[in-house]
Amino acid sequence: MEADTQDKRDAAGEAARPIIRRLPEAAVNRIAAGEVIERPAAAVKELRENALDAGAQRIVITIAEGGRALIRVEDDGCGLSREELPLALERHATSKLAAGADHSLDLLDIRSFGFRGEALPSIAAVSRFTLTARARGAAEAWRIKVSAGRPGETEPAARPTGATVEARDLFYATPARLNFLKSERAEAQAVVETVKRLAMAAPAVAFELRDGEGAEARRLFRAPGPESRLERLGRVLGRDFAENALAIEAEREGLTLEGYAGLPTLHRRTTAAQHLIVNGRPVRDKALVGSVRAAYADLTPSGRHAMVALYLTLDPTRVDVNVHPAKTEVRFREEGTVRGLVIGALRHALAEAGCRPDTALGRGAAHALGEVGALGATGRGAAPAFEAFRAPAAGAYRPPSRAIPAPFSQGDWNAPSAATPGGHGTDALIEHASAAGDAAPPDHAAMALPLGAARAQLHSTYIIAQTADGAVIIDQHAAHERLVYERLKATLRAQMEGGGAPAQELLIP
């Protein structure tokens with residue numbers, strides 16, 4: 001009886017023990033697709049990178065229903081031969097890793113976009129997939145079709161040199177993933193942003209993105225190539241950025257940083273307008289984003305983020321691009337050196353720019369003043385608000401008795417350093433604005449200052465200053481805060497250079 005009971009226990013334990021099994025190829029590809037192809041934009045990114053690695057000079061992308069119904073990428077690169085078509089659809093088959101003398105692959109020396117060998121089989125595993133290609137110098141093109149991961153036979157086709165990758169009915173083989181996609185419009189916008197990021201990384205390549213097929217197709221984005229880097233950035237980030245971008249160029253310990261940074265007054269609510277390209281690869285690196293935030297910390301309002309497009313070039317062995325399945329994150333070997341380079345280069349460029357507003361602010365102010373003037377001219381509104389901005393007649397200038405609040409007239413403060421953005425010129429303006437009541441109009445020397453010469457005051461809050469070619473409106477309270485802050489920094493800097501700031505030990509730690 002006891003023996004029978006023990007046999008039953010052994011049988012139950014054997015049934016409960018997990019058994020290791022090899023997954024079928026189709027299941028393996030679908031698992032990889034879940035890691036690499038999260039949404040249509042991810043598929044577009046992988047196919048575009050393959051086209052760039054093939055040396056394409058023109059890439060045309062077509063989507064339908066946000067990428068769910070259709071994703072087609074056409075390029076004029078080197079193409080594929082008939083023998084390479086089925087091999088390209090196998091997992092971990094790639095032409096983008098160089099083999100050494102001992103036939104080993106160096107995974108730390110990555111000089112291409114795609115290298116995992118997972119993108120094409122992963123996309124083919126969850127869609128109705130077609131790959132058509134013609135190798136450079138070949139007499140004809142070839143096509144291979146895949147349905148839910150099962151490839152067919154290669155067959156002759158017609159196309160010029162290059163490749164066309166078409167994925168229809170994305171995720172039809174894994175319908176559960178469709179429930180996690182956003183609306184058609186949101187997915188299409190994600191594709192647009194993905195295309196724009198890579199267009200900035202490759203200004204020598206022409207890009208075109210279309211939505212729909214046939215006569216109903218509409219263009220979502222187009223960037224003719226080749227273009228200069230600033231022209232491409234202006235096309236992607238807008239005219240305001242191109243007109244108000246500061247050139248960045250710095251080098252340190254074998255790292256080269258180039259690109260453009262927007263003026264401090266040109267900022268956005270999110271970091272979406274901060275683009276970082278490492279060795280030609282657009283990435284989202286938290287350390288680099290933090291470096292940009294630190295460089296602009298004293299110049300942008302809280303909760304606002306500057307617009308930048310930075311291109312970092314370094315030896316591939318000093319950066320690991322194999323830390324994320326979608327290759328959107330990187331890890332630097334010398335993270336501190338990279339951070340110091342970014343912060344130093346940005347601060348130097350901003351200091352050289354000085355107190356310079358962006359053109360978007362000027363256009364907005366001119367539009368607002370034009371509206372006020374129109375209201376006064378047509379009789380629909382009162383004109384005094386507009387009249388307050390007019391300069392007084394010659395010889396009739398009289399500063400108001402309450403021109404400047406008390407904080408501005410206390411003491412003879414030292415002016416901030418001329419290299420400090422937003423600081424130089426403010427003292428001279430305040431001193432002039434708080435001058436005696438019968439003072440003469442400001443001379444040309446005062447108007448040549450960055451913030452000009454004070455002419456009037458509005459609501460005991462704003463100073464209206466005249467420059468050589470325009471006008472400046474200064475918030476007195478903000479200017480006072482800035483002066484105190486800059487002087488505090490200058491005092492601390494002088495103390496540190498002179499042996500350190502005075503300190504006192506606490507009685508209780």
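Tutor: Two strands pair if DSSP finds at least two bridges between them. Keep in mind that this is a predicted model.

Student: In what order do the 5 strands of the open sheet with mixed pairing lie?

Tutor: Strands of a sheet pair through backbone hydrogen bonds, either parallel or antiparallel. Here the order is β10-β11-β16-β13-β14, with mixed pairing in an open sheet. β10 (245-252) and β14 (281-283) are the edge strands; each has a single partner strand, so one side of each is left without a neighbour in the sheet. From one strand to the next, the twist averages 20 degrees.

Student: How many bridges join β13 to β16?

Tutor: Strand β13 (residues 274-278) and strand β16 (residues 308-313) run parallel and are joined by 5 bridges. Glutamine 274 has valine 308 in β16 as its bridge partner.

Student: Which strands do helices α9 and α10 lie across?

Tutor: Helix α9 (residues 286-295) lies across β13 and β16, and runs at about 130 degrees to β13. Helix α10 (residues 335-353) lies across β10, β11 (255-262) and β16, at about 140 degrees to β10.

Student: What is the strand order in the open sheet of 3 strands?

Tutor: That order is β19-β20-β21, and the pairing is antiparallel. At the edges stand β19 (453-458) and β21 (471-475), each with a single partner strand, so one side of each has no neighbour in the sheet. On average, neighbouring strands of this sheet are turned by 30 degrees against each other, direction ignored. Strand β20 (residues 462-466) is joined to β21 by 5 bridges, and isoleucine 464 stands opposite isoleucine 473 in β21.

Student: Which helix packs on the sheet with β19, β20 and β21?

Tutor: Helix α15 (residues 476-497) touches β19, β20 and β21, and its direction makes about 75 degrees with that of β21.

Student: Now the side chains. How many salt bridges does a search of the whole structure find?

Tutor: A salt bridge is a side-chain nitrogen of Lys or Arg within 4 Å of a carboxyl oxygen of Asp or Glu. The search finds 21 salt bridges. One of them joins arginine 72 to glutamate 213, with the closest N and O atoms 2.8 Å apart. This pair links distant parts of the chain, 141 residues apart: arginine 72 is in strand β2 (residues 70-75), and glutamate 213 is in the loop between β8 (206-211) and β9 (218-223).

Student: Is arginine 72 buried or exposed?

Tutor: Buried means under 20% relative accessible area. Arginine 72 is at 15%, so it counts as buried.

Student: What does arginine 235 form with glutamate 227?

Tutor: Arginine 235 and glutamate 227 form a salt bridge, their closest N and O atoms being 2.5 Å apart. Arginine 235 is partly exposed at 39% relative accessibility, whereas glutamate 227 is buried at 12%.

Student: Where do glutamate 243 and arginine 239 lie?

Tutor: Both lie in helix α8 (residues 239-243), 4 residues apart, which is about one turn of the helix.

Student: Which residues are linked in a network of salt bridges?

Tutor: Arg58, Glu208, Arg210 and Arg219 are linked in such a network.

Student: What sits over the ring of tyrosine 172?

Tutor: The charged end of arginine 128 does, 3.9 Å from the ring centre. Arginine 229 lies over the face of tyrosine 311, also with 3.9 Å to the ring centre.

Note on methods: Residues numbered from 1 in each chain as written. Predicted model: local features only at pLDDT ≥ 70, side-chain atom pairs only at ≥ 80, totals over all residues. Heavy atoms only, no water. Lys NZ or Arg CZ within 6 Å of the ring centre and 35° of its normal. Helix = DSSP H or I, 4+ residues; strand = E, 2+ residues; numbered from the N terminus. Buried < 20%, exposed > 50% of the residue type's maximum accessible area, 1.4 Å probe, protein only. Axes fitted to C-alpha atoms, helices over the stretch in contact; angles between N-to-C directions. Contact = heavy atoms within 4.5 Å.
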